[in-house]
Amino acid sequence: MVAPDRDRLRRAFRLKEAAAAPAEAAAVPARPEVRAFLQARLRQLAPRRPEVALPEGQDLALGGATCWQRLLRYGLDHVHGRTELRRVLSVDPALVAQRAKQPALADLRLDQCLFLDTETTGLSGGAGTVVFQVGMGFLEGDQLVVEQLLLRHFDEEPALLAQVAERLRQRPLLVTYVGKSFDRHRIAARMALHRVGSDVLTERHLDLYHLSRRHWARQLPDCRLRTVEEQVLGLHRDHDLPGSEAPRAFLDWVRDRSGPLDRVLEHNRLDVLSVVALLGVLGCPDR
């Protein structure tokens, strides 16, 4: 079989000229006014997402900056899942120290505990990862106070970090879930960047993830917080925003107020309550 003469075929069907036309058109750069018009038109045609309002809160002013703050108070008869928060009052410090394999926790005092959970712009380390939301819980009289701090824009970060540092001075024992390897290092990196002094990386740190693994590793499929909540605390989250979606929600909200930041705050609130309830379960002799 004789190979076809492709050049003759192109000439016959005028393909050479047709193929050249798009290349020549692409070589002509779009004029700035045309590009601006097309971009503006694209924004007009794109569906506008509704703005998301934050829950009721207040401005917290510290160190010449402000951030958003919300204080929530729970009676110790509050039931989280099927677990009363009051259980935390029955914690046996010696048992906690044994299960945590940290003898220094044998003198654990609840009035020194700061239950903490954070939301960040990413999971990677380094000073480039911003802690945009912090939830802290602490006992005050016969109540549990949950304090949530939030950046509405990046200039508010010094105020948020200063408030975390102040809470740590008041209650220096951090109680977290995976916080020993994640949350506290993200906070420490941002504090170092802004020259905020704090002892967030102290040796005394109660990470309930490690206690959960030692206590329930053979009973549960895994020891992620969501699994422990469902299997141990009896808490089933409906329509919860996964933590992996929190960074995008925050960045969208900062850009045009459309990100579901209210759902991020709800996710964080439940995390803090779960840490308190879990200490009540893990620190009691009957479990």
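Which residues in H8 meet which residues in H10? The tour reaches them at the second stop. The model on screen is a predicted one.

**Stop 1: the largest pocket**

Select Asp117, Gly243, Ser244, His267 and Asp271. Of the 22 residues that line the largest pocket, these lie nearest its centre. The space inside the pocket comes to about 680 Å³.

Next, colour strand S5 (113-120), helix H8 (225-233), helix H9 (246-256) and helix H10 (261-282). Each of these elements gives the pocket lining at least two residues. S5 supplies the largest share, with 4 residues. Colouring the lining by class shows 9 charged, 8 nonpolar and 5 polar residues.

**Stop 2: H8 against H10**

Two packed helices are described by the angle between their axes and the distance between the axes. For H8 and H10, the angle is about 55° and the axes are 11 Å apart. The two helices are therefore oblique to each other. The crossing of H8 past H10 is left-handed.

Now show the side chains and return to the opening question. On the H8 side, select Leu225, Val228, Glu229, Val232 and Leu233; they meet Leu270, Asp271, Ser274, Ala277, Leu278 and Val281 of H10. By class, this contact of H8 with H10 holds 8 nonpolar residues, 2 charged and 1 polar.

**Stop 3: H4 against H7**

Select residues 93-100 for helix H4 and residues 208-216 for helix H7. Their axes lie 9 Å apart, and the packing angle is about 80°. H4 is therefore roughly perpendicular to H7. To see the contact, pick Val96, Arg99 and Ala100 in H4, then Leu211, Arg214 and His215 in H7. The contact of H4 with H7 consists of 3 nonpolar, 2 charged and 1 polar residues.

**Stop 4: H5 against H6**

Select residues 157-170 for helix H5 and residues 183-194 for helix H6. The axes of H5 and H6 come within 10 Å and cross at roughly 115°. As H5 passes H6, the crossing is left-handed.

Which residues of H5 and H6 meet? Show Glu157, Pro158, Leu161, Val164 and Ala165 in H5, together with Ile187, Arg190, Met191 and His194 in H6. Sorted by class, the contact of H5 with H6 has 6 nonpolar residues, 2 charged and 1 polar.

How values were computed
Residues are numbered from 1 along each chain as its sequence is written. This is a predicted model: local features need pLDDT of at least 70, side-chain atom pairs count only at pLDDT 80 or more; totals for chains, interfaces and linings use all residues. Side-chain values use heavy atoms; hydrogens and water are left out. On a 1 Å grid over the protein atoms alone, a cavity is a set of points where a 1.4 Å probe fits but cannot get out, and a pocket is an open set with protein on both sides within 12 Å along at least five of seven lines; lining residues have an atom within 4 Å of a point. Grid points are joined across faces, edges and corners, and a volume is the space filled by probe spheres set on the points. Ala, Val, Leu, Ile, Met, Phe, Trp, Tyr, Cys and Pro count as nonpolar, Asp, Glu, Lys and Arg as charged, and the others, Gly among them, as polar. Axes are lines fitted to C-alpha atoms, for helices over the stretch in contact, and angles run from 0 to 180 degrees between N-to-C directions. Angles under 35 degrees count as roughly parallel, over 145 as roughly antiparallel, 65 to 115 as roughly perpendicular and the rest as oblique. A crossing is left-handed if the near helix is turned anticlockwise from the far one by less than a right angle, and right-handed if clockwise. Contact means heavy atoms within 4.5 Å.
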